[in-house]
Amino acid sequence: MFLFHIGFLDIEWVDVLDIILVAFLMYQIYYLVRGSLASRVFLGYLLIYLFYLVVRAIGLELLTKILEYFMGVGAVALIVIFQQEIRRFLLFIGKSTAFANNRLLGRFLRQPTSTDKINEIKPIIEAVRAMATEFTGGLLVIKKNDELDKYLQTGEEVDSVLSKRLFLSLFNQYSPMNDGGVIVADGRIKAARCILPVSDSDDFGNLGFRHRAGLGMSEVTDAAVIIVSEETGRISLAIEGTLLSNIPASEIEERLKKYLFEKGK
């Protein structure tokens with residue numbers, strides 16, 4: 001069944017659906033890579049592919065063969081280059097389903113309830129507020145669902161209860177543990193001096209290394225990252241590749257509660 005005709009082309013409803021789905025997929029890919037070096041790589045690859053289609057339509061066989069080989073190798077290279085973006089896309093798909101929020105499955109996954117975890121925020125907020133007042137720089141990672149073992153192994157194991165005094169000691173400028181990030185998981189301070197991935201986004205060209213590391217960690221995991229500036233004492237929060245700058249500790253607390261503990265957030 002044809003919807004309409006354009007010259008010698010017969011357009012069916014399946015063709016329209018195909019175009020809509022491809023356009024949606026292309027938009028999602030652009031949304032994931034925009035503002036980064038990967039976006040330029042993706043645009044370059046897309047232009048080469050369009051050139052390949054033109055060459056093949058004209059009938060230049062030798063050039064077509066060369067471009068076909070390049071496109072085949074390029075597909076593998078794109079997987080390597082876009083590994084972070086692919087991971088973020090799959091994470092987005094996973095969060096869009098109700099699988100993780102199913103109460104019955106939650107029992108098998110052994111996810112702590114909000115009541116069990118809500119008190120974890122208080123010593124963190126108290127420490128962050130004190131650090132901001134004293135202009136003490138800090139980089140604090142709070143686990144949500146993703147495993148952070150890979151980053152825990154880069155630092156020094158602590159495995160201690162949450163404590164405002166311990167946070168302040170770890171981030172003290174004279175402490176040997178103040179470099180890198182402190183990771184909180186399962187209601188405990190797991191490790192300090194952890195090496196975090198640095199964001200390469202061009203949207204935040206004026207950020208320092210600490211903020212880029214916090215943003216990068218939020219891009220590759222679903223952890224929430226709190227950054228305290230040593231120069232200005234301002235507090236920032238990085239979640240899912242988004243950086244919220246210069247917000248009060250009370251707002252940080254509310255956002256963490258909603259993001260970490262409330263279902264569907």
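**Sheet, helices and salt bridges**

Me: How many bridges join β4 to β6, which run antiparallel?
Reply: Both are strands, that is, DSSP runs of E with at least two residues, while helices are runs of H or I with at least four residues, each numbered from the N terminus. Two strands pair if DSSP finds at least two bridges between them, and in this pairing E157 stands opposite A191 in β6. Strand β6 covers residues 188–194 and runs antiparallel to β4, and the number of bridges that join them is four.

Me: What kind of model is this?
Reply: Residues are numbered from 1 along each chain as its sequence is written, and side-chain values use heavy atoms, with hydrogens and water left out. Local features need pLDDT of at least 70, side-chain atom pairs count only at pLDDT 80 or more, and totals for chains, interfaces and linings use all residues; the model is predicted.

Me: Which residue takes a positive phi in the hairpin of β5 and β6?
Reply: Strands β5 and β6 run antiparallel and are joined by four bridges, with A185 standing opposite R188 in β6. Two residues lie between the strands of this hairpin, and the one with a positive phi, near 55°, is D186.

Me: Which strands stand at the edges, each with a single partner strand?
Reply: Seven strands form an open sheet of mixed pairing, in the order β4-β6-β5-β3-β7-β8-β9. Two of them have a single partner strand each, so one side of each is left without a neighbour in the sheet; these are β4 (156–161) and β9 (242–244).

Me: By how many degrees are neighbouring strands of this sheet turned against each other on average?
Reply: The seven strands form an open sheet with mixed pairing. Axes are lines fitted to C-alpha atoms (for helices, over the stretch in contact), and angles between N-to-C directions run from 0 to 180 degrees. With direction ignored, neighbouring strands of the sheet are turned against each other, on average, by 20°.

Me: What is the bridge partner of A238 in β9?
Reply: Strand β8 (residues 235–239) and β9 pair in the antiparallel sense over three bridges. The residue of β9 that partners A238 is L243.

Me: What angle does the direction of α10 make with that of β7?
Reply: Helix α7 (residues 121–133) lies across β3 (138–142), β5 (181–185), β7 (224–228) and β8, running at about 25° to β7. Helix α10 also packs on the sheet, where it touches β3, β7, β8 and β9 (contact means heavy atoms within 4.5 Å). Its direction makes, with that of β7, an angle of about 175°.

Me: How many of the 12 residues of α10 are buried?
Reply: Buried means under 20% relative accessible area and exposed over 50%, with partly exposed in between (1.4 Å probe, protein chains only). The buried residues of α10 include H211, L215, M217 and V220. The helix is largely enclosed by the rest of the structure, because the number of its 12 residues that are buried is 10.

Me: What arc around the axis do the buried residues of α11 cover?
Reply: In α11, the buried residues are A249, I252, E253, L256, Y259, L260 and F261.

Me: Which side chain meets E230 in a salt bridge?
Reply: A salt bridge is a side-chain nitrogen of Lys or Arg within 4 Å of a carboxyl oxygen of Asp or Glu, and the whole structure has six. In this one the N to O distance is 4.0 Å, and the partner of E230 is R210. E230 lies in the loop between β7 and β8 and its partner in helix α10, so the pair ties together parts 20 residues apart in sequence, the helix residue being R210.

Me: Which side chain meets K257 in a salt bridge?
Reply: K257 is partly exposed, at 22% relative accessible area, whereas E253 is buried, at 18%. Being four residues apart in helix α11, the two are separated by about one helical turn. The N to O distance is 3.4 Å, and the side chain that meets K257 is that of E253.
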